Structures are given as C-alpha cells and as structure tokens.
Amino acid sequence: MSGASPRARPGAARSAPACRARWTKTRRVTQRIEDYGLIGDLHTAGLVGRDGSLDWLCLPRLDSPACFAALLGGPEHGRWRIGPASGGPCTSRHYRGDTLVLESEWRPPEGTVRLIDLMPPRDEVADVVRIVEGVQGRVPVELELRLRFDYGSVAPWIVIDGSDVSAVAGPDAVTLDTPVPVTHDDRTIHARFEVSAGERVPFVLTYHPSFAPEPRTVNPDRAQRSTERFWSDWVSRSRYDGPWDDAVHRSLITLKALTFAPSGGIAAAATTSLPESLGGSRNWDYRFCWLRDAAFTLQALLGTGYVDEARSWREWLLRAVAGDPADLQIMYGIDGRRRIPELTIDWLSGYEGSGPVRVGNAAAQQFQLDVWGEVLDGLHVGREAGLAPTDDAWALQRELLDFLEGHWQDLDNGLWEVRGPRRAFVHSRVMAWAGVDRAAKAVDAYGLDGPAVRWRGLADQIHTDVCRHGFDADRGTFTQSYGSAGLDAALLLIPRVGFLPWDDPRAVGTVEAVQRELSEDGLLLRYQTHPDAPGQDGAGAPTDARGIDGLPGREGAFLACSFWLADALHGIGRTGEATALFERLLSLRNDLGLLSEEYDVHAGRQVGNVPQAFSHVGLVNTARHLGRTRPADDGQRAARDGARDASRALRGRGAPDVAGTQDDEEDR
C-alpha cells in the first residue's frame, strides 16, 4: 500500500483507558435485514445500512469477533455512521456497475451528498474506505465511530495526536486516516464537517494486530479505482448470457465476496444469529462452510465460467475432509478447521430482540449421512467438468465409500440439522445412493481403480430400500423419513440427482405433493416444523411447543428450497409456472440484489443470515436451468458437453457451460 502516515502509540496525548463495558440494557436496531448492503475484501465482509451506518464487521476475518455489532444489539455495541447531520435513510443507493463499491445518496434541504463505501481486495491488511462526496449545495455531515471489539464488549484505548487516530484493545488495533479533525468522548470518535459540490472527503480505517507495526495507509482514490477495476474485470469473465444477467452477476459477485481467498472456502453467510423468525430463538452462526453446498456451488461456478474459483473450492473441500472418513463433519471453518464450538453472547439482545446470539455452531458435531454423498457428488461434478483429478483425491473418495458402504443404513440428523431424534431420512439415503452411483460411473468413464460391480450392486440395494420404505404409495409421494407422513423440500432433489427420471410418476407426484403441502403463499418451507400443532398464533406458529426438529417457534420460507421448486417444476414440464416463481423470487431481493436465507411471508420481510450463499447459488443455477431445455431431454449429452467446454476453458480456449452431475444424471 502507499501513502504512509506516522502514528502515535498508546500513552500519547488525549488517551482513554481500555475497558470491558457492562451494559444491562440494549437498544434494538430499526433497520430491516434488506436495508443492509454488503462490502468486503475476500477475507471478511461488512453490512452498511441505509442510514450510512456500518453495523456489522468482523476483523480481520469473516469468522473473527465483530468490532461493529450494532446489528445484533444497539449502537453501543459498535458501529460507524457517516451521513447528513439531519440524519435519516439515504434517498437512493446502488453498486457502481458490476462491483462491490456501494454508493448511497442523500438529498437533505441543504443539497445532495454521496457516500462511497468499499473494501479493497486484501493484500496485507484490512482497509475500510469511506468517501464523502459533495454533489450539490453545501451539506453538513456527521461521523460517529464507535469501535467495540469482541462482539461489542470491549471498548478500546483511543489516541488522537494531531491528524493521527488509533484505537487499541488487547490484540486488536485500528488506525483512522482522514483530513477531517476528529474528537472523542466516551471512547467514541466524532467529527462534523461540511462538503460542497465537487469535494471529496476520505476516511480510511485500517486494522492490524496491536503487537505488529502499524501498516501504511491506502490511498483512498487509488483504492476506489483499483477495487472497481478488480470487480469489473472479474465479472467480465462470466459466461452467463441469459435473460437474467444482472441478477446472476450480482449473485456471483456475492458468492465471490463470501469467499475466504487464502483457502478458497465459501462461507454460508456473512453474519451470525439473524433470526429465522423475528423474535424467535432459531438463530445460528453461518460464517462457516457447509459440505451440502459443495455440488451446488461447483455447478454455479463452473456453469458460469469461473473455473479457478471452482478449483479452489474443490481443493478446500479435499483439505477439509482429509482424515478418517468416520470423522466427516457437516461444516468446517473457512480455513478448514474442525473445532467451531457454539456459545452464546449474553450481552447482545439479538436482532430486534431475537435471542440468543450464538457464536460457533454445535450442529458441526451432528451425524448427517448425506454429507458423504454430497462430497462424492461434488467431486464428481468437478471430474465431469474437466477439473483434473489426483490419485490422492481418489484414494480419499474410496475411503469415504468404504465408510458409506458400512453405514448407509444408520439413522442421522438429516440435511436440515434437526436437533431432535435421529431418523432414516429419505434425502440422506438418496445422497448415499448418489455417492455410490458416482463412484461406479467414475470407474467406468475414467478408468479409475475400484470395484464398480460391487458399487453398482450397493447402489441398487440402496435404491430399492428407499423406494420400498420411503415412498407413500397412497399419497404418491416420497416422505421426509421412513414411516413418517411429513414431507421435506429436499425430496425435490430426487430426480435432480438422477435417482429417478423427471417423468417418473413417483418423481412428479413428489414435486406436486411438496408444492401442495409445504407452500406458504407460493414459497416453500423446508418442512412443517409443527404439523397439526394446537395453540398456534396468527402466523401459524405454535406458541410454546417444540417442533419435530426439537426447536420452538416457526421459521420463514426457505429461499433455496423455493429455487429448487422452480427447478423441479421446470423438470416436470411446467416451465411457465417455474419461470413465474423464479421472477417472484427475484422480486424478493433487496434494492441491491441481495437475498437472506428465508422470507417471512406474514411480515413481508427477509429473515435469516445475510447474504446467504445457498440462496444466491440457487438463483444462479435456476437461471441457468430455465435458460435451456427440460433437464430430462438429454442430460447425459449436456454433461459431456459441459465437460468438454470446461476442459477448453482450462486450456484457455473457452469457458464451461456445465450443468453438473446433480442436473444431468436423469438416465436411471
């Protein structure tokens, strides 16, 4: 970086001691989840509200403790607001083209002012660059910078020495570089200034370990130009050329922003504990990587030309699952670490009072049989697309298969991390079949070493078992688990992974039953949390009882599952209906094109962690599916064509348009 400026160390003039704050009451934020925009540097990401307040940021990594946690509590838990002195939400906002540079504009009586927010892609340290730009008139602007490390609990020692500003607390330190004079009180930095048309007033916040030398400060103008160029160049590599290119490209940018560049891991979301039901307790930490996302993410990346990102994600996957196949977890840290213990942060009240706030995720220790199949299927997607396999990777897959062969009949917690009793989930058994099926195909198609005949026999055995015990002939549908009457949106994946062809009556009946029984105002629930439960509130949520997943309360419509429904309707030939559903899902994005995990149809609001990778992966894949013929028409040819195109891309002669194994195995 360039533009060095000396810094004062703690002990200089105008210092305030670090302390651990003790708040007994918190104020709730008033902004909706969809009021937030995303900025990030491929190591971490922050959320900026319509009022110009950076209310969520973890430094130096996405899974680090937050230094701005107002999102889950109140302003006293850390935020950085810049905006007109008159306050209020911005009049308009947008990203600058296909970038992650956010512009917010206000038009108070004094004139028009613009705030530009960005984080340059990381080189050595994390920088947050905020530039106030005068557009018209002369507008008074206020800044409030309230750093609170460790999820809002630690107020730093602040030093202001002339133009040098620093804040230190334990291992964490930041510097603020700006030409504007600032003051501080109550461990909060303030500034008030005016900006006229044509003026630009920059602020650069730089993080570094407190025990390391202070880094040089990035030049804000150069940072803006280089950041815009980085994202524009990256998007220009996209090979998606369909009717929804703006939505697809914004989703791809979002997936890239959720990527931890050093490892290639893609986090499920940038946040923790945004509630699945407003005021409820279904609040989880999603700043980790889920194995269930592997095949879907590879399809989205490979299908739009991003071979390097797909390869990095596959390599993360191989490193994360290396070891004893019996120890496979459903999720890992963004760097592949295994230990992500769950704890609650009791000094934060939660978003709109939705507690508890959780850090870490205990579901990592669950047994979910489907992940063995998800991993094997994901690696097969890469193999079909031309990503070069290795002997070590195949040896690892064989060990996973050995475990699967001896444990496919075990009861598990299922795809949705049910915290109740283990069951024989149909989706789990179907994915066990998929993993074995892909292995047998790999031996046949690629000459890899393995007992293909035995594996085909095992696949047939699992297939027969699922059809015998997981299908309700009276209702014409597969069920969530053996012997149950409930349904599960994951059943929509049965034809998508090739377990049955799309035109099989059992597949068609399952799609229709899931749509009929799990729809909520046209969107799809993952499953009914409280089927036939008494004592429900006005939104259909039980007032006290725990659901079949072992948790109280309800949740919103799951957006990824709603995209699956659009795919499934397309698969069974109801393309017009599928397109209408897809267009409705696009309308649920916020004004910046972002989606959370779920949508509350009763409140008319996004709920759950944001931005949600699974939702954006679903958007990309559904846009691709609807842009071509019905999947059952010629799936195998599509897979071969995709592998050919990906191989060309790897040699620099083109780009892949691969549908992926989960879309193209409908020949059984």
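Tutor: Buried itself means under 20% relative accessible area, exposed means over 50%, and partly exposed is in between (1.4 Å probe, protein chains only). This is a predicted model, where local features need pLDDT of at least 70, side-chain atom pairs count only at pLDDT 80 or more, and totals for chains, interfaces and linings use all residues. Residues are numbered from 1 along each chain as its sequence is written, and side-chain values use heavy atoms, with hydrogens and water left out.

Student: Which residues touch the most other members of the largest nonpolar core?

Tutor: They are Trp 80, Val 132, Phe 203, Phe 499 and Trp 564, out of 202 residues in that core. Helix H8 (residues 426-446) gives the largest share, eleven residues. Helices here are DSSP runs of H or I with at least four residues, strands are runs of E with at least two, and both are numbered from the N terminus.

Student: What does Trp 564 touch, leaving out residues up to four places away in sequence?

Tutor: Contact means heavy atoms within 4.5 Å. By that rule, the partners of Trp 564 include Phe 296, Trp 416, Arg 496 and Phe 614.

Student: Why does Arg 287 count as buried?

Tutor: Its relative accessibility is 1%, so Arg 287 counts as buried, the cut-off being under 20%. Arg 287 sits in the loop between strand E20 (265-266) and strand E21 (289-290).

Student: What makes something a polar contact?

Tutor: It's a pair of N or O atoms within 3.5 Å; within protein, one must be able to donate a hydrogen and the other to accept it, and residues adjacent in sequence count only if both atoms are side-chain atoms. A polar atom of the Arg 287 side chain lies 3.3 Å from the backbone oxygen of Leu 62 and one lies 3.0 Å from that of Ser 64.

Student: Why is H6 described as largely enclosed by the rest of the structure?

Tutor: Because 15 of the 15 residues of H6 are buried.

Student: And how do you know that the buried residues of H13 line one face?

Tutor: Those residues are Ala 578, Leu 581, Phe 582, Leu 585 and Leu 586. Down the axis of H13 they fall within an arc of 145°, so they line one face of the helix; the arc is that of the directions from the helix axis to the C-beta atoms. Exposed Gly 576 and Ser 587 are on the face turned away from the buried side.

Notes. A nonpolar core is a set of buried Ala, Val, Leu, Ile, Met, Phe, Trp, Tyr and Cys residues joined through side-chain atoms within 4.5 Å.
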